[in-house]
Amino acid sequence: MAYDKFNILTSSAVPLPIENVDTDQIIPARFLKATERKGFGDNLFRDWRYNSDGTPKEHFVLNNPIYSGKILVGGKNFGSGSSREHAAWAVYDYGFRCVVSSFFADIFRGNCLNIGVLPVQVSPAFLDKIFTAIEADPKTELEINLPDETITILATGESESFEINEYKKQNMLNGFDDIDYLLNIQDDIEKYAENTPL
Amino acid sequence: MSKTLFDKVWDSHVVKHIENGPDVLFIDRHLVHEVTSPVAFLGLKNRGIKVLYPERTFATADHNTPTRNQHLPVKDPLSANQLKALEENANAHNIPYWGLGHKKNGIVHVIGPENGITVPGATIVCGDSHTSTHGAFGAIAFGIGTSEVEMVLSTQCIMQPKPKSMRINVNGALSEAVTPKDVALFIISKLSTSGATGYFVEYAGDVFKNMSMEGRMTVCNLSIEMGARGGMIAPDEKTFDYIKGREYTPKGNDWDAAMEYWKTLYSDEDAVFDKEVTFDASEIEPMITFGTNPGMGIGISNNIPLAETIDGAVATYKKSLEYMDYNEGEAMVGKPIDFVFLGSCTNGRIEDFRAFASIVKGRKKADNVTAWLVPGSHKVEEAIKEEGILDILEDAGFELREPGCSACLAMNDDKIPAGKYAVSTSNRNFEGRQGPGARTLLASPLVAAAAAVTGKVTDPRELMHEEAFA
């Protein structure tokens, strides 16, 4: 499924300054029972966000109306654990288009790229600056510039570049996905398979 | 040019290299289960395409299946719907499907090796992070997301940049009661849960050479818990003996040809790894975790580390201890527990049940403990019965359940209640992993058994010595 194009995103951000946020927190396993990709945003961070009776936990950032935006900013080693793409779906479905952290778990990062959520890895020092800026003003905006591969805190003008490989960058800019690419080289794949016994 | 084991397998599977981008990697064998596949099959339907090589994909039901009364219809309508979707998708695409009740059914990473789907030098993927298990056979095996499941179904390829390489050496001899699980938890405690992110690991040294195939599977299984994509061990005679004659391994001349290739699968002597770490086996003791990620493990006789001594965010560390309702500096031995879970793709194989039985034999399950003993597959279940282990377990007051992932991720009814402590042989102690509010202590089957009969965290060596003097 081709996804949304990503170019320049300017938005306020939701801060989650916790390390090792694992995919079981992003979406607990009991919410993985759907056979279609919809509604996962309702259960994003379910057990941090809601009490067992379904009432919102007041202190969790997603329940705090002063924070909003299309960018989620997390602590180091964001997305560790399970390979469940549902975690990336939940992030997307909730309305985020970009996750910023100083370090991402591999599979989560790949899953995000595959569905059109941009993972932006920044230095630990820059991550601290973002958290500080949001703390000072929850409405502070970040600019994620994919063509230039930069992230900027608009209020202070502080900026850092981030890395993304050229292939994935083009996919994100154009809304292509890997299957489009693979179906295009199916002849090469079939030639390879002929020489590869089971 | 000299190559690592990983290079040899990876490079031979690259269909196409994209400059400044990922490799197109051919996948030899693909495992699917009910939870991460339905949206991928839906994607194929929406594109109007079929599975390209259905003979390279195998399907089983394991993640949300009940571990009791599997002959009855599944009660949870959402789980039942997912199982039905898998069966229909497998049938529609001519994929072998081993559903509930099938004699080959079990946890996807247990049945792969059992049936010879897992072979050296292969690329193996599954929409499950513990696919790294299959690396024990010298395969490149790793977990993928659902978009990638769709890629494999439709084109038998995925697109991944080649990871960096890391070799982890553990030399010397393991001490008493130190199992493969302890070796893995020890390494993760040293490297942290992100210490190997971006790397593919090769395990080498005396300890892995001397380890059984089951043990190697446990170690490779936990590679993902240090952030690595996967881990692998060079195949040797032990590997070949294990797989020979299994249903999907090559036979006759094909076997001979395969063996010729498999014997080339080792890291060349002068191969260079991007990172290399070495540990001394004698430093490792039976391990247990005290926090909310698998890197928060200590030798069982140690105390919970003080916040000031840890490497990482203190606030995160304290939040973790608060969740566990533990304090820094406390001893782990003697802490009361409520549940014991023996099972999962990490420790649900026959060797794990043998180890558990060796401790509970002649003892009784503690009254305050609820124990869930869940074999990794029907074949494991059969072996438990054939070897007389079931009798030992039942005499000690334990009940054996039917195979599945069970309380490892608690998608079925096997949920640890909020606030309760479970000593689990599974792989993740994340908040709520085993049920909302559940508190997990990861450990080996020996430590789990010691907890099951004493009702508290207990060093299994104590019980083993008790036995020796009895």
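How many bridges join strand 10 of chain B to strand 11 of chain B, and in which sense do the two run? I looked this up in a predicted model, and I found that three bridges join strand 10, which spans residues 199-204, to strand 11, and that the two strands run parallel. As one point along this pair I noted B:Glu202, which stands opposite B:Met232 in strand 11 of chain B.

I noted an open sheet of four strands in chain B, with the order 11-10-9-12 and parallel pairing. Strand 11 (230-232) and strand 12 (275-280) each have a single partner strand, so they stand at the edges and one side of each is left without a neighbour in the sheet. On average, and with direction ignored, neighbouring strands of this sheet are turned by 20 degrees against each other.

I then turned to chain A, where I found an open sheet of seven strands with mixed pairing, in the order 4-3-2-1-5-6-7. Here the edges are strand 4 (118-121) and strand 7 (158-161), and because each has a single partner strand, one side of each is left without a neighbour in the sheet. The twist averages 25 degrees from one strand to the next. Within this chain, strand 5 (residues 141-145) and strand 6 (residues 150-153) pair over four bridges in the antiparallel sense, and A:Glu143 has A:Thr152 in strand 6 as its bridge partner.

Last, I looked up whether helix 16 of chain B, residues 445-454, is covered, and I found that ten of its ten residues are buried, among them B:Pro445, B:Leu446 and B:Thr454. After this helix comes B:Gly455, whose phi is positive, near 80 degrees.

Terms used:
Residues are numbered from 1 along each chain as its sequence is written. Chains are lettered from A and ligands numbered from 1 in the order in which they are written. This is a predicted model: local features need pLDDT of at least 70, side-chain atom pairs count only at pLDDT 80 or more; totals for chains, interfaces and linings use all residues. Two strands pair if DSSP finds at least two bridges between them. Axes are lines fitted to C-alpha atoms, for helices over the stretch in contact, and angles run from 0 to 180 degrees between N-to-C directions. A residue is buried if 20 or more other C-beta atoms lie within 10 Å of its own, exposed if 12 or fewer, and partly exposed in between; C-beta atoms are placed from the backbone.
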